[in-house]
Amino acid sequence: MMTSRRIAGFALLSCLCLASLAARGAPGPVFAPEDVFQLRYASHPLVDNRGERLLYLRHSMDIMRDRSRSNLWLLDIDSGEETPVTTGAKNVSGAVLSPQGDRVAYIDRDDIGSQLFVTWLDVPRTAQLTRLPVKPSQLAWSPDGQWLAFSMRVAADAPTMGSLPRAPQGAEWANSPVIVDRTLYRDDGSGNRDHGFTQVFIMPAEGGSPRQVTSGDFHHGGGIAWAADGSALFVSANRDPDWEMRIGNSEIYRVDIATGAITALTERDGPDSHPVVSPDGKRIAFLGYDDQRLGYQRNHLYVMNADGSGRRDLLPDLDRSAQDPQWSADGRHILFSYDDRGDTVLAAVDLSGNIDELARDLGGLSLGRPYTGANFAVGGKGVYAYTSGSAAAPADISVGRRGKNQRVTALNDNLLGYRDLAPVQELWLKSGHDGRDIQAWVATPPGFDPQKKYPLILEIHGGPFAAYGPHFAAEIQLYAAAGYVVLYANPRGSTSYGEDFANQIHHNYPSQDYDDLMSAVDAVIARGYVDTDQLYVTGGSGGGTLTAWIVGNTDRFRAAVVAKPVINWTSFVLTSDVPPYFAQYWFGAMPWDDPDAYWRRSPLSLVGKVNTPTMLLTGEADLRTPIAETEQYYQALKMRGIDTAMVRMPGASHSIYKRPSQLLGKVAAILEWFRRHAGQEEAAQE
């Protein structure tokens, strides 16, 4: 049970939170663009083996360098006292707590790049363990705390094509040609892939030489776990000879530490990943599924013996995708998370398949848009910690035991507690296509009066296999602060409603998800406070594709902003960073075998019907939905004489706003485009 000291600490935090809310009294200022730089959020909690202390990453914004920052903080669960473990302009990541709870290993930068560091928590001492040429990742402690495992790319020579004569001394020749001979040769967010393969290494936890324990022309990157006796590692990898094309396949392997001998423990067509070993070392929990080449396939939670025998699905009837399995300290339960109807849920299941819900308020990790997603950790004495959020605040840390939970940080109360935020209300409606239940949320402007009329923005999520929920989103708050009612929904194809709901768009996207969204707009209009002459629509990625599809099917919106879209499915599949995946899972044939199917689902096929003023917005370094997609649509609209503009985010990848100012640039451009087409000077302020 929680101690009286712990309850007192929780009570103090609750009083402080209530005080900040009471201090509001009269409405304060609305959420403003400059507030984005003051936001904080927590992620990646870690709980020690006594259930007494936790670490977490505290994220902040560096307004002078226009960067996000992350530092480790240590929190005493009983007293609520917090202590920084790292501080300054850092971007700490990948932290893992030693089994004994006395040390934390993590990734930080030195003068040459990302390195592995260890900090002793009971004494002020930090050691840098590596000087590596490439960033390590997936850190894992051995059970005795003596070793660390990690993965890292091992470089290989780049291919050449012919040879050139030697350049004269002092000559300034062009760089050598870059030869591409791989199917997967670039990644959104990082550009062209360096040559080589991700391998697993081990090294002494107090410093020493790393030793490579995997080999071969394969990537070993789907999780690392130690055997209980420290003699082996369990890793996930796709070691199929045709791994570049069989992109959805991986197995769990046992790697002998001494010899490097590797043994497959799973063998099927489909991904097996995220192995975690039970405290007694007898069982392995992992995620996976039998690949049916569907657009959406849920992760099942499996358990097998440590030798790979006795594999079974613990929750065959849970029609949700399991994430991040972790064993309880006593080995009797596995904790995991899953998304359900826009919420992220923390649950525990015993080895007989009996499931208990522990928390439903997980979230808060996506500052820009209200996506689901969370982190959690399991510690000693049944204590767990997780990122908890709401529509009014990004992620804090909550701690619980047996479903009794309490928030223990309040990172934004001193800011958001004094802002008049847009309230967010849940809305269920029936799709006009088939009567299917659709979940949506409506954010109303601060000072909202239901007797007045307001302009409306329909904001559409990407994916398309993803989900929005009642989570904090700076973009939604900024739109509402500008005077708009903001509607966002989870149309068919969204996750968190089961496989059938998601796969309504399998080989059928865009399609009736359009009807779901139009029905959501109609449902809000029926409430009587929306100006039907002031309807606007925007969305990013899959939402950008749907926005372009919408303006090709209806003229009801006064203006639209299409962000980072797919416009032409043939060009997208052949130029994105993962061509085999999209061709195999989102279409039934290659583009040259069924060009009509690709064209029928392309928004470009409807451009002749577009009359809506439509702006395009994409990162110039986007490799997921390359900016050539945006350029096609822009030129098509121009040639048709449609009012259009193209906003290009320099250096931005598919996320668009890796840097905080880019989030603000996106919102500012969208609001300005809508203002220009409002039909009156200050429609968004009335």
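His-274 is located in strand E19 (residues 272-277), where strands (E, at least two residues) and helices (H or I, at least four) are DSSP runs numbered from the N terminus. The structure is a predicted model, in which local features need pLDDT of at least 70 and side-chain atom pairs count only at pLDDT 80 or more, whereas totals for chains, interfaces and linings use all residues. Residues are numbered from 1 along each chain as its sequence is written, and side-chain values use heavy atoms, with hydrogens and water left out.

Most residues other than glycine have a negative phi, and most peptide bonds are trans. His-274 has a positive phi, near 55°, and is not a glycine. Its relative accessible area of 42% makes His-274 partly exposed; this class lies between buried (under 20% relative accessible area) and exposed (over 50%), as calculated with a 1.4 Å probe on protein chains only. Ser-496, also a residue other than glycine, has a positive phi of about 85°. Ser-496 is placed in the loop between strand E34 (485-490) and helix H4. With a relative accessibility of 3%, Ser-496 is classed as buried.

Strand E28 (residues 384-390) pairs with strands on both sides of the sequence. Six of the seven residues of E28 are buried, and the strand is thus mostly covered. Strand E27 (residues 376-378) runs antiparallel to E28, and three bridges join them; two strands are taken to pair if DSSP finds at least two bridges between them. E27 and E28 form a hairpin with five residues between them, and Lys-381 in the turn has a positive phi of about 60°. Strand E29 (residues 393-401) also pairs with E28 in the antiparallel sense, over six bridges. In the hairpin formed by E28 and E29, two residues lie between the strands.

Tyr-384 of E28 takes part in both pairings: Val-378 stands opposite Tyr-384, and Gly-400 in E29 is the bridge partner of Tyr-384. In a regular strand the side chains alternate between the two faces of the sheet.
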